[in-house]
Amino acid sequence: MRKPVRVLVVDDSALMRKLIPQMIEREGSIQVVGTAMDGEFALEKIPDLKPDVITLDLDMPRMDGMETLRKIMRKHPLPTIVVSAHSTEGASATFKALSLGALDFVTKPHDPTTHMDEIAGELVAKIKAAAKSQLVQLPEPQAKKKPKPAMKHGVPPTKVVAIGVSTGGPQALQYVLSQLSADFPGTILIVQHMPEGFTGMFAKRLDETCAIEVKEARSGDLLVPGRVLICPGNRHIKVKHMPLSDVVVLTEGEKVNGHRPSADVLMNSVAHEFGERAIGVLMTGMGEDGAEGLGTIKNCGGLTIAQAEESCVVYGMPRAAIERGHAVRVITLEALANTLQAQCSANRSSRPMLAEATATGD
Amino acid sequence: MSFFSEERAAELREVFFESAQELLQALNEQGLELEKTSGDAEVVRGIRRTVHTLKGDSAACGYRELSELAHELEDVLQPELAVSAGGALAELVLSAADMFDAMLAAYRGNMQPPKADPLRAMIARLIKNPAAHSLRSELTPAFEWSEYDRLAMEGALTNGQKVYSIALAVDRHCPMRAAGLELILRVLSECGLIISRNPEEIPADGAVDHLEVAIATHLDETAIRSKCSIPTIVENIVVSPWTPAAQATEPSPHDHDVLGIAESHAATAVDVAEELDEVPLESMATAAEPSAKKPRVEFVGAENTLRVDAERIEAVMNLVGELIIGKSMLHQTINEFGQRFPKDPLKHRFSDAISKQSQVLNLLQRSVMKIRMVPVDQLFRRFPRLLRDTAKACGKDVQLVTVGADTDLDKGILDQLAEPLTHLVRNAVDHGIESAEERVKAGKSPQGFVKLSAYHQANHVVIEINDDGRGIDADKVAAKAVECGAIKNEEVTRLTEQQKLELIFESGVSTADEVTEVSGRGVGMDVVRSVITRLKGTVHIVSVPGRGTTFRLTMPLTLAIIKALLFEVGDQHYAIPLNSVVEITRATFDQVHRVDNCEVLQMRDEVVTLARLSRLMPEAHERSITKFFVVVVRMGDKKFGLIVDRLVGEEELVIKAMDDQLVATELVSGASILGDGAVVLILNIPALVERVVYVHLPIRPVPLPASTTGVRVAI
């Protein structure tokens, strides 16, 4: 039998210190080696308990989660999963934490009847994934005050990149997007499984730390080069040709694969609207969302990419696509940005400019 | 498979109830703090953190009503609001704490939680926003056009058209709203090309209070205005020319607000943390007020605290008790062995082993006793709120000071002290402290002052409740006591001031001229004394008219083990707590005088009333010994002498509780077992003194049940 993953639970709520171990210890493969009620105790206990993974509440008295995280990362870098409150403020703090090196987050249970098992499952998977992860030490992102280039409407993107990503996504996306230049010639659409309220903050953080424009998508946003649109939580995102430009449309349809947003919805739509100009990327994450959609992109003539196993926090989604033969290329996280840059720059002029052709029609 | 099994859920709920109580306590304290600091941002954040945790915890346990209420409360807990709302926010927090408490009680009893409507009304009143809200929807439209809309609008502009953002408020009294909206749209489309509209679809019931459209037209503003002014349908119109610069590419203003606030919060929190980090330690120590420091200390305590069922500790304590008895048995046996074989080398090894054993046992006992000790702060911390509410109810301004909150006391004692202390504090505020005018007239500050203090004194913990009020009028107490028949009029004249004061503990005596809601019903002080006595403590009053009153409760550190003085009366062993013994002296009957039916002994310059324990004996035969010992004990500030035949010594006794069926007398407060297996009865001194000294009736022997007949000791 493999050694269980040793977890330290840090939370100021006595109830959570009881509940979280119960949730995660039902899996024999996880062992809660200790709990701490605030950051100071956590820091004291880490050297003795030698946990593999830490779950961290951000809202604590004395030393709050943020400061704790900063110190953990400085003194004994450990994979840390933020257990966050389900609120706007929680979202803000959560992304700050992710930018400080937290690996991932789950939102605290707020209704036992519907969420408990789901959250327990999510937490277990994320802890296991975290234990396996080599801690990717990202440089603490500096907020760059860069002049965002003016919107270039009328110029359609060379390619439309649809990215599906789940567990491990925030870090991976940060890594990839920060390497793209502001004049990236394609448009990137991202489905990141994340609750409502978190996506806006997530986009904002990314925008501050990346040269390329990142924004949370709103219905009617234009597909223009050099921009990344992140689908808001609890909505599906699709693309649509309109007389003046290509736009994204958000809908409130049923969950697909248990997710809203679903990567399948995005990828199917991108495949049908853009055909060969579509690029599908399926990155780290649990489950199979996006695997089918990736297949559609491939069948419609687009390029499909799956993230290579070694750089995935959870290999589930890429593997599902690879096993079905839907991934044309398997690429490591390190090479992904370059690949996208190269793919979108290639054949720039040989593609028909759909939007340009119709722009003068009105 | 569901992870949330019923027993797990039940266990979790237990944890929840316990931690929720702590959160409520914290909420009460923070609410008071807020009242004092009126809107300190840090305090508000602290409150929000508490409410937030309560929200999360209750949600996780499925207590939806509580969680939702906490959520609503959390929303109002903004530092900005605290400044504008002033004391109202503190009031809200405290009421919420009460509401939560009531809800928790209901959940605990598996009942439907009470409706929180009054609290919700308070919240609503605090926000006072509904008016502003409708104003905003009528007059300040958002005009959030999507990128695509803007592209089209720009296109129209380049084609030489005018582009307007138009908002129309639908008349509130319009009977057929859906039809009205359709009409508006038709009029608008006559004006020009509608590029976008919000909402996109008009619901069948027309439940939309305003409509926003972006329109490309050749008409000018006034023309549009006049066309759109449809009586009884359109109540208000905003027409603003649109330019590409009019809308930034940033998130919508509404989103922006929310994010902005969240951001600034997060930022301040981090900043504060960073500041704290950099402040040198010593300056922090001096800067931190005691009130700010307290929760920290307590959190430390809480984390290192292991929650253990009191019964388990009780079990360990019992075993330790057995060990101690075992030790004395062993001791005695070894002594006998030593006498029988004085030259046996084994004798020394025995005594070495036993002395080592005793040491360890001593440590063990002390450690176990320490487990039961908790700081009196656990008790004291509920009083600020109580005092505030009482003071408010009485319309007085009273300040509470607590001293020595870290003094340790046995948890069992502490828990039972809550009721009497509550009573005393209420009394202090209601009866003790005068009204502000009265105080000023008496040359005191208008604000009253109540002090709660705790400190160790030998083997005791003393808890004092002190007020700077009007003091207790001893004669008034005595008069009341006569009135309600607690004492006869002629007896009063013989009482000292102090004795008159102590009549306040007689049932039915109250000095309040009027019965108020808070106190003054005359029940209570007798309860106070009976609880204290049951806990083997004493209560003492010091009152200076016009200056204030102090109630001093002297409690034993622990109930389980006492140091006792053992003595014999008529061949039988008794014990009394050593700490009540003031001194021991020898006397002869020649020195005993009779005053007023009491036997007294002149000791140095004072006269001590004697109690002849032999009068309690069943086969009472007054021995004709002329020399005896007098054990002087203190009760309140009176001393009494117990006449005993022989002193046995000092011993640690493990008190075994005796139920009422076994011994139906209040003279005995417990029993213990000696090393030789003999049972010793521990005497209850206050009851004893009352029986033997005060009451002049013939004393009936106390019948003992058959089960103790084999025992050498009996009363």
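Reader: How many strands are in the open sheet, and what is their order?

Author: The open sheet has 5 strands in the order S6-S8-S9-S11-S10 of chain B, with mixed pairing. Strands are DSSP runs of E of at least two residues, helices runs of H or I of at least four, both numbered from the N terminus; two strands pair if DSSP finds at least two bridges between them. This is a predicted model: local features need pLDDT of at least 70, side-chain atom pairs count only at pLDDT 80 or more, and totals for chains, interfaces and linings use all residues. Residues are numbered from 1 along each chain as its sequence is written, with chains lettered from A and ligands numbered from 1 in the order in which they are written.

Reader: Which are the edge strands?

Author: S6 (398-403) and S10 (538-544) of chain B, each pairing on one side only.

Reader: How many bridges join S10(B) to S11(B)?

Author: There are 7, and these two strands run antiparallel. Val542(B) has Thr550(B) in S11(B) as its bridge partner.

Reader: What follows H2(B)?

Author: Gly62(B), with a positive phi near 85°.
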